[in-house]
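Q: I would like to learn how to read features from a model's atoms. Could you walk me through them in turn?

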Amino acid sequence: MRERKALTQEDVYNDTGIHISRIETARVNITVSTLSSLCDYYQMKLSDFFKEVNL
């Protein structure tokens, strides 16, 4: 989603305080609350995120 919106990891961090690079490289496990925050940031429903993952 970040790449689709042409955002850098730094953009996401500056806007949310979330270290997206750690998540993207699987160095940390994401919590549901962090995932929810990212979905809000990307203006996406959490349920739609899971639908997209299943594609």
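Q: How is Arg 22 classed by relative accessibility?
A: Relative accessible area sorts residues into buried (under 20%), exposed (over 50%) and partly exposed in between, with a 1.4 Å probe and protein chains only. Arg 22 has 40% relative accessibility and counts as partly exposed. This is a predicted model, where local features need pLDDT of at least 70 and side-chain atom pairs count only at pLDDT 80 or more, while totals for chains, interfaces and linings use all residues. Residues are numbered from 1 along each chain as its sequence is written, and side-chain values use heavy atoms, with hydrogens and water left out.

Q: Where is the place of Arg 22, and which residues is Arg 22 in contact with beyond its neighbours within four places in sequence?
A: Helices are DSSP runs of H or I with at least four residues, strands are runs of E with at least two, and both are numbered from the N terminus. Arg 22 sits in helix H2. Contact means heavy atoms within 4.5 Å. Leaving aside neighbours within four places in sequence, Arg 22 is in contact with Arg 27 and Val 28. As for Gln 9, its C-alpha is 9.8 Å from that of Arg 22, and the two residues are 13 apart in sequence.

Q: How many salt bridges does the structure hold?
A: A salt bridge needs a side-chain nitrogen of Lys or Arg within 4 Å of a carboxyl oxygen of Asp or Glu. The structure holds 4 salt bridges. One of them joins Asp 48 and Lys 51, whose closest N and O atoms are 3.8 Å apart. These residues are 3 apart in helix H4 (residues 46-53), so about one helical turn separates Asp 48 and Lys 51. Asp 48 is partly exposed at 32% relative accessibility, whereas Lys 51 is exposed at 55%.

Q: Which residues make up the largest nonpolar core?
A: A nonpolar core is a set of buried Ala, Val, Leu, Ile, Met, Phe, Trp, Tyr and Cys residues joined through side-chain atoms within 4.5 Å. The largest one here has 5 residues, namely Val 12, Ile 18, Ile 20, Leu 38 and Tyr 42. Not counting residues up to four places away in sequence, Val 12 touches several residues, including Arg 2, Leu 7 and Tyr 41.

Q: How many aromatic pairs are there?
A: A pair of aromatic rings is described by the distance of the centres and the angle of the planes. Rings of Phe, Tyr and Trp (its six-membered ring) pair if their centres lie within 6.5 Å; planes under 30 degrees apart count as stacked, over 60 as edge-to-face and the rest as tilted. The structure holds 2 aromatic pairs. One of them is Phe 49 with Phe 50, an edge-to-face pair with 5.2 Å between centres and 80° between planes. Phe 49 is partly exposed at 27% relative accessibility, and Phe 50 is partly exposed at 42%.

Q: Which residues have a positive phi without being a glycine?
A: Ala 6 is one of them, with a phi of about 55°. Ala 6 is found in the segment before H1 and counts as exposed at 65% relative accessibility. Gln 43 is another, with phi near 55°. Gln 43 has its place in the loop between H3 and H4 and is exposed, with a relative accessible area of 73%.
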